[in-house]
Amino acid sequence: MGLGSKLKNLIGEELLDDIQHQLKEVATQGLDRHLKIAVTGLSRSGKTVFITSLVHHLLEANQSRSLPFFEVASDQRIISVKNLNSSSDAPFPLQQSIQSLGQEPPSWPESTTGLSEVKLAIKYKPASRLKRLVNDTATLYLDIIDYPGEWLLDLPLLHLNFEQWCNKQQQLFTLEPRATLAKNWIAAQNTVDWCSPADEQLLSVLSEEYTKLLHLLRNDENALSMIQPGRCVLPGELASSPLLQLFPILQPPSLSSIPEGSMYQLLQQRYDAYREKIVKRFYREHFSRFDRQVVLVDCLKALNHGKPCFDDMKLALTDILQSFNYGPSGFLRRLFSPRIDKVLFASSKADHVTANQHHNLDKFLELIIQDAQRDIRFEGIDTRCMALASIRSTESAEAVLDGQTISCLKGINKTTNETMALFPGEVPTELPTEQDWNSSRFRFLDFAPKKLPQTDLKPAHHIRLDQALEYLTGDIF
Ligand SMILES: Nc1nc2c(ncn2[C@@H]2O[C@H](COP(=O)(O)OP(=O)(O)OP(=O)(O)O)[C@@H](O)[C@H]2O)c(=O)[nH]1
Ligand SMILES: [Mg+2]
């Protein structure tokens with residue numbers, strides 16, 4: 001009997017396979033690993049706060065006990081975590097964000113206007129005895145990037161040509177409140193002959209008006225998500241570039257061929273250049289080769305702003321996630337070949353509801369991302385939905401109403417700065433009815449942050465951040 005068969009008899013086939021697999025992994029890769037996590041989310045969904053909190057907790061993970069469900073930390077196997085940001089061209093403003101959350105009074109970090117990255121080296125003791133035979137310690141190099149949520153909406157443009165994009169936008173602009181808000185802009189568009197020679201002056205005026213319209217659609221009152229092209233509202237280093245003088249034609253002429261030098265052709269060329277030079281470059285440089293993804297969704301915003309906001313958010317997220325298209329034949333895979341194997345859908349700001357509503361929040365999140373999630377699962381990628389708060393800003397409280405004890409929240413109102421206790425209401429687990437949408441039933445308040453200490457972090461400073469980390473990275477340690 002050969003050695004292999006003897007071992008198989010001794011320890012069983014499954015265990016032997018597992019050992020062989022681990023040895024092979026160690027032999028081919030060593031113990032150190034690189035992991036790139038893509039943090040995805042529409043604007044104001046909580047990406048920067050998530051990254052700040054995650055990194056802050058990780059940097060303290062060898063001494064604080066703030067991540068009980070993150071096994072490598074709770075087993076006290078983290079030796080040290082180092083911030084490698086000094087080697088980066090565009091370092092994530094971690095100290096600035098931590099300081100704004102730790103000052104008196106604390107404030108949320110500013111909305112992101114450009115790209116930045118975090119690089120961490122996490123040195124730890126491997127859980128597997130076998131791996132420890134090879135080496136006592138191992139290092140996980142973790143890369144995360146932060147960018148304005150608006151830029152994410154450009155991703156779906158990569159697989160639409162100008163004509164297809166115009167058609168999609170035309171349908172979108174028939175929906176309310178978009179149709180009414182865009183009335184003047186649509187009327188101005190309709191007076192233009194798109195086959196006439198390009199008039200740069202006119203295009204500049206129309207694109208300026210279009211940018212103003214996009215700002216109106218996404219403001220706090222209208223809260224729409226499907227804002228394209230994203231760089232028109234957040235240009236970053238491209239401010240005043242002619243590439244951004246771009247908008248869809250809502251009544252495109254029926255053309256067998258596009259007249260040379262026409263208005264139509266110029267817009268089409270700008271659209272193509274925008275896709276090639278800006279969108280494709282951004283995704284090639286920053287979204288290629290990521291391994292895992294977090295999709296942050298502000299479900300409570302969708303509930304607060306009613307059905308048009310919910311529908312628009314659902315559409316935007318589905319479009320974005322379908323564009324990531326995780327399957328082998330997906331267009332992103334063909335372009336950039338990411339190797340993604342796990343996607344965490346997280347409903348951010350779970351501290352805006354009472355703990356007994358977290359399960360509902362998970363369910364409601366599923367309603368928003370169900371189409372995208374189905375596609376991703378179909379490709380064999382592991383997904384999970386989870387409600388979390390990167391920085392917990394409220395405390396649980398109880399109140400007695402008509403002899404009944406009800407769960408409440410205590411926190412500081414973000415707008416008025418007043419401390420208040422309130423019953424925030426229930427999160428539905430099914431799609432609200434027309435009546436529910438119209439009843440103004442959902443009014444979840446935004447809270448100011450609670451002061452975040454520089455050291456001595458506690459589990460009470462977040463909700464489920466540790467579970468998110470365990471899901472995203474736990475298998476590596
Ligand atoms: N209570 C609470 N509020 C949060 C939390 N995370 C984010 N917020 C709120 O959401 C706002 C937006 O969070 P950001 O992290 O800046 O969102 P973002 O996705 O980076 O936004 P852009 O940079 O504009 O794309 C914050 O200013 C807070 O008001 C959280 O964990 N708890
Ligand atoms: Mg941000």
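The 51 positive and 58 negative charges of the protein chain have mean positions that lie 5 Å apart; Lys and Arg are counted as positive and Asp and Glu as negative, without His or the chain ends, and each charge is placed at NZ of Lys, CZ of Arg, CG of Asp or CD of Glu. The model is predicted, with local features requiring pLDDT of at least 70 and side-chain atom pairs pLDDT 80 or more, whereas totals for chains, interfaces and linings use all residues. Residues are numbered from 1 along each chain as its sequence is written, chains are lettered from A and ligands numbered from 1 in the order in which they are written, and side-chain values use heavy atoms, leaving out hydrogens and water.

The protein chain comprises 18 helices and ten strands, taken as DSSP runs (H or I of at least four residues for helices, E of at least two for strands) and numbered from the N terminus. The C-alpha trace spans about 80 × 70 × 40 Å along its principal axes. Contacts (heavy atoms within 4.5 Å) with a separation of 6 or more are made to 77% by residues 24 or more positions apart. The chain exposes about 22,500 Å², of which carbon and sulfur atoms supply 48%; areas follow the Shrake-Rupley method with a 1.4 Å probe, and for residues only the protein chains shown count as cover. Of the 477 residues, 51% count as buried, where buried denotes under 20% relative accessible area, exposed over 50%, and partly exposed the range in between (1.4 Å probe, protein chains only).

The interior was described through nonpolar cores, defined as sets of buried Ala, Val, Leu, Ile, Met, Phe, Trp, Tyr and Cys residues joined through side-chain atoms within 4.5 Å. The largest core holds 86 residues, and the members touching the most others are Trp-194, Phe-287, Val-297, Phe-345, Ile-368 and Ile-369. Helix 12 (residues 263-286) makes the greatest contribution to this core, with eleven residues. A second, separate core of 40 residues includes Leu-35, Val-39, Leu-54 and Leu-465. Beyond its neighbours within four places in sequence, Ile-368 contacts Val-297, Cys-299, Ala-302, Phe-310, Met-313, Lys-314, Leu-317 and Thr-318.

Helix 18 (residues 465-473) is largely enclosed by the rest of the structure, because seven of its nine residues are buried. The buried positions are Leu-465, Asp-466, Ala-468, Leu-469, Tyr-471, Leu-472 and Thr-473. Their cover includes strand 1 (33-41), helix 3 (47-59), strand 4 (138-146), strand 5 (292-297), strand 6 (342-347) and strand 7 (382-387).

Within helix 3 lies Thr-48, which is buried at a relative accessible area of 12%. With neighbours within four places in sequence left aside, the contacts of Arg-77 are Glu-71, Val-72, Lys-123, Tyr-124, Lys-125, Pro-126, Ala-127 and Phe-477.

Ile-412 belongs to strand 9 (residues 404-412) and is partly exposed at 32% relative accessibility. Apart from neighbours within four places in sequence, Ile-412 is in contact with Asn-417, Glu-418, Thr-419, Asp-446, Phe-447 and Ala-448. Asn-417 itself lies in the loop between strand 9 and strand 10 (419-422) and is exposed at 55% relative accessibility.

Backbone geometry was also examined. Most residues other than glycine have a negative phi, and most peptide bonds are trans. Asn-417, not a glycine, has a positive phi of about 65°, and Asp-456, also a residue other than glycine, has a positive phi near 55°. Asp-456 occupies the loop between helix 17 (434-438) and helix 18 and is partly exposed at 49% relative accessibility. A cis peptide bond runs from Glu-176 to Pro-177, with omega near 5°, and Pro-177 is located in the loop between helix 7 (162-172) and helix 8 (178-181). Gln-228 and Pro-229 are also joined by a cis peptide bond, with omega about -5°; Pro-229 falls in the loop between helix 10 (200-218) and helix 11 (230-233).
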